[in-house]
Amino acid sequence: MIIRNYKPGDFPQIEALWRETGIYTMERGDTPEIILRCNTQGGKFLIMEDDLNSRIIGTSWLTWDGRRVLMHHFAVLPSLQGRGYGRKLALESLAFAREKRSPLKLEVHRDNTPAIQLYRSLGFDVFEDYDVYMIHNDS
Ligand SMILES: CC(C)(COP(=O)(O)OP(=O)(O)OC[C@H]1O[C@@H](n2cnc3c(N)ncnc32)[C@H](O)[C@@H]1OP(=O)(O)O)[C@@H](O)C(=O)NCCC(=O)NCCS
């Protein structure tokens, strides 16, 4: 497996992976254009790829707001989970945050035990206990 940067042609495979892992919903409005915009603004989108067949097996979308690195859409293909790939991708994500000299923040559902176990084992801790509010300016 290799970890590389996102390329625009990756999106269809990524979208399928997000759907399969249950982290994709249309209302999030994640598009190739938004990924490129976030990268232009100092973010990084990591792709984990099987170098034998070029299949995308994991994603970590790191955005940077000038203050913190935020990790979104962190996922590994279900058929390949539990083999250490998530940990590898998380370590690479942490390396990016160190490069940016910024804290790394993420949101995770309270019942997502696999993800929470991984984050805790890497040293993450609950930062604040609050609900997340958002307004969709769709029109
Ligand atoms: C979270 C996720 C990326 C982990 O990927 P993974 O490749 O399975 O993780 P790894 O095999 O590297 O395991 C790393 C650690 O995660 C934890 N973990 C993984 N699977 C677990 C499970 N089923 N139950 C409990 N802990 C688990 C363990 O701490 C594990 O470390 P260990 O192997 O030393 O015990 C993966 O479960 C996933 O894609 N989930 C669906 C998408 C998602 O919910 N993403 C998080 C959004 S915040």
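A residue counts as buried here if 20 or more other C-beta atoms lie within 10 Å of its own, as exposed if 12 or fewer do, and as partly exposed in between, with C-beta atoms placed from the backbone. By that rule, buried residues make up 19% of the 139 residues in the protein chain. Please keep in mind that this is a predicted model: local features need pLDDT of at least 70, side-chain atom pairs count only at pLDDT 80 or more, and totals for chains, interfaces and linings use all residues. Residues are numbered from 1 along each chain as its sequence is written.

**Overall build**

- The protein chain has four helices and five strands; these are DSSP runs numbered from the N terminus, with helices being H or I of at least four residues and strands E of at least two.
- Along the sequence, the pattern reads β-α-α-β-β-β-α-β-α.
- The C-alpha trace spans about 40 × 40 × 30 Å along its principal axes.
- A compact globule of 139 residues would have a radius of gyration near 14 Å, and the 15 Å of the protein chain agrees with that; the radius is taken over C-alpha atoms, and the globule rule is 2.2 Å times the number of residues to the power 0.38.
- Of the contacts with a separation of 6 or more, 59% join residues 24 or more positions apart; a contact means that two C-beta atoms, placed from the backbone, lie within 7 Å.

**The sheet**

- The five strands form an open sheet of mixed pairing, in the order β1-β2-β3-β4-β5; strands pair if DSSP finds at least two bridges between them.
- At the edges sit β1 (2–5) and β5 (104–106), each of which pairs on one side only.
- From one strand to the next, the twist averages 30°; axes are lines fitted to C-alpha atoms, for helices over the stretch in contact, and angles run from 0 to 180 degrees between N-to-C directions.
- Helix α3 (residues 85–99) packs on this sheet, touching β1, β2, β3, β4 (69–76) and β5, and its direction makes about 30° with that of β3.

**Around strand β2**

- β2 is largely enclosed by the rest of the structure, because five of its seven residues are buried.
- With β1, strand β2 pairs in the antiparallel sense over four bridges; Ile2 has Glu49 in β2 as its bridge partner.
- Strand β2 (residues 44–50) also pairs with β3 (residues 55–64), in the antiparallel sense over seven bridges.
- In β3, Gly58 is the bridge partner of Met48, and Leu62 is that of Lys44.
- The hairpin of β2 and β3 has four residues between the strands, and Ser54 takes a positive phi near 60° there.
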